Structure formats: structure tokens, C-alpha cells
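Subject: Structure for you to look at

Hello,

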Amino acid sequence: MPDEGDGGWLRPLQADGRPAGPAESVTDLVAAVGERERREPSRWVWPATSETYPALLRAGVRVDRCHDVELTESLLLGHAGRWGEPRALAAAWARLTGAPVP
């Protein structure tokens with residue numbers, strides 16, 4: 001997940017989605033994603049591809065598989081007939097945990 005600078009957080013997950021280790025803070029998210037993708041293709045989960053992927057593409061980094069939380073939330077809300085509701089990572093997390101949706 002990106003942070004406010006060029007860094008971000010990486011956290012390995014097991015096949016069932018449970019954490020496989022602690023979250024790791026990286027100072028250069030683009031370089032870390034590129035290195036990890038070259039070493040072992042991964043399935044990436046990030047808040048929104050539109051916010052994350054452009055920097056990767058500019059650096060020549062391509063990923064084989066990813067999950068876009070915002071897009072997935074949009075599809076699920078649309079299927080439920082709830083078009084137009086907030087669909088960011090924070091909104092998805094709030095729905096999941098029963099908290100107020102921002």
C-alpha cells in the first residue's frame with residue numbers, strides 16, 4: 001500500500017488471504033514491487049490501480065496479477081444495487097467491520 005511519499009507497505013499473504021508475516025515498510029515502493037515481482041510473481045492487493053499502477057508503469061514495472069479494492073468494491077456495490085456509494089479502501093473496511101462508512 002502506498003504512503004504519502006515514495007514509500008509504502010508490503011505484507012505477504014497466504015493463499016487464503018491471511019497474513020504470512022509482518023508488514024514491511026519500504027522507502028521506495030516502486031523498486032520494492034519491481035524487485036519482488038522479478039524474484040517471484042505475486043498477487044498484489046492495493047487500494048486503487050488508478051493511484052498505484054501509473055508510477056509502476058513509468059518505472060517499467062509490470063505485475064502479472066493484482067486485486068484493486070476500489071474496483072472490486074464498485075462491482076460488489078453495483079451488483080447489490082447500491083450504485084454511487086463510497087467505494088474507497090476506507091469505505092470497504094468500514095463495511096467489513098460494521099463501522100460508519102466515510
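A definition to begin with: buried means under 20% relative accessible area, exposed means over 50%, and partly exposed lies in between, with a 1.4 Å probe and protein chains only. Helices (H or I, at least four residues) and strands (E, at least two) are DSSP runs, numbered from the N terminus.

Please keep in mind that this is a predicted model, in which local features need pLDDT of at least 70 and side-chain atom pairs count only at pLDDT 80 or more, while totals for chains, interfaces and linings use all residues. Residues are numbered from 1 along each chain as its sequence is written, and side-chain values use heavy atoms, with hydrogens and water left out.

The overall picture

The protein chain has four helices and four strands, and from the N terminus on they run β-β-α-β-α-β-α-α. Its C-alpha trace spans about 40 × 30 × 25 Å along the principal axes. Of the 102 residues in the protein chain, 28% are buried. The accessible surface comes to about 7,100 Å², and carbon and sulfur atoms hold 56% of that; these areas come from the Shrake-Rupley method with a 1.4 Å probe, and for residues only the protein chains shown count as cover. Among the contacts (heavy atoms within 4.5 Å) with a separation of 6 or more, 18% join residues 24 or more positions apart.

The helices, one by one

Helix H2 covers residues 49-58, and its buried residues are Thr52, Tyr53 and Leu56. Seen down the axis of H2, they fall within an arc of 85 degrees, so they line one face of the helix; the arc is that of the directions from the helix axis to the C-beta atoms. An α-helix has 3.6 residues a turn, so residues three or four places apart point the same way. The other side of H2 carries the exposed residues Ser50, Glu51 and Arg58. What do the buried residues of H2 pack against? Their partners are H1 and S3. Just after H2 comes Gly60, with a positive phi of about 80 degrees.

In H3, the buried residues are Val69, Glu70, Glu73, Leu77 and Gly78. Their arc around the axis is only 160 degrees, which puts them on the same side of H3. They pack against S3, S4 and H4. Leu75, Leu76 and His79 are exposed on the other side of H3. For Leu75, the relative accessibility is 59%, so this residue counts as exposed. Leu75 and Pro86 are eleven residues apart in sequence, and their C-alpha atoms are 12 Å apart in space.

H4 buries Ala91, Ala92 and Ala94. Down the axis of H4, these buried residues fall within an arc of 160 degrees, so they line one face of the helix. H3 is included in what covers them. Turned away from the buried side of H4 is a face with the exposed residues Trp93 and Leu96. Ala90 is also found in helix H4, and with a relative accessible area of 45% Ala90 is partly exposed. Just after H4, Gly98 takes a positive phi of about 80 degrees.

The largest pocket

About 1,300 Å³ of space lies in the largest pocket. Of the 37 residues that line this pocket, the closest to its centre are Arg11, Leu13, Trp44, Val45 and Trp46. Two or more lining residues come from each of strand S1 (8-10), helix H1 (29-39), strand S3 (43-46), strand S4 (65-68), helix H3 (69-79) and helix H4 (89-97). On a 1 Å grid over the protein atoms alone, a pocket is an open set of points where a 1.4 Å probe fits, with protein on both sides within 12 Å along at least five of seven lines; lining residues have an atom within 4 Å of a point. Grid points are joined across faces, edges and corners, and the volume is the space filled by probe spheres set on the points.

The lining divides into 22 nonpolar, six polar and nine charged residues. Here Ala, Val, Leu, Ile, Met, Phe, Trp, Tyr, Cys and Pro count as nonpolar, Asp, Glu, Lys and Arg as charged, and the others, Gly among them, as polar.

Best wishes
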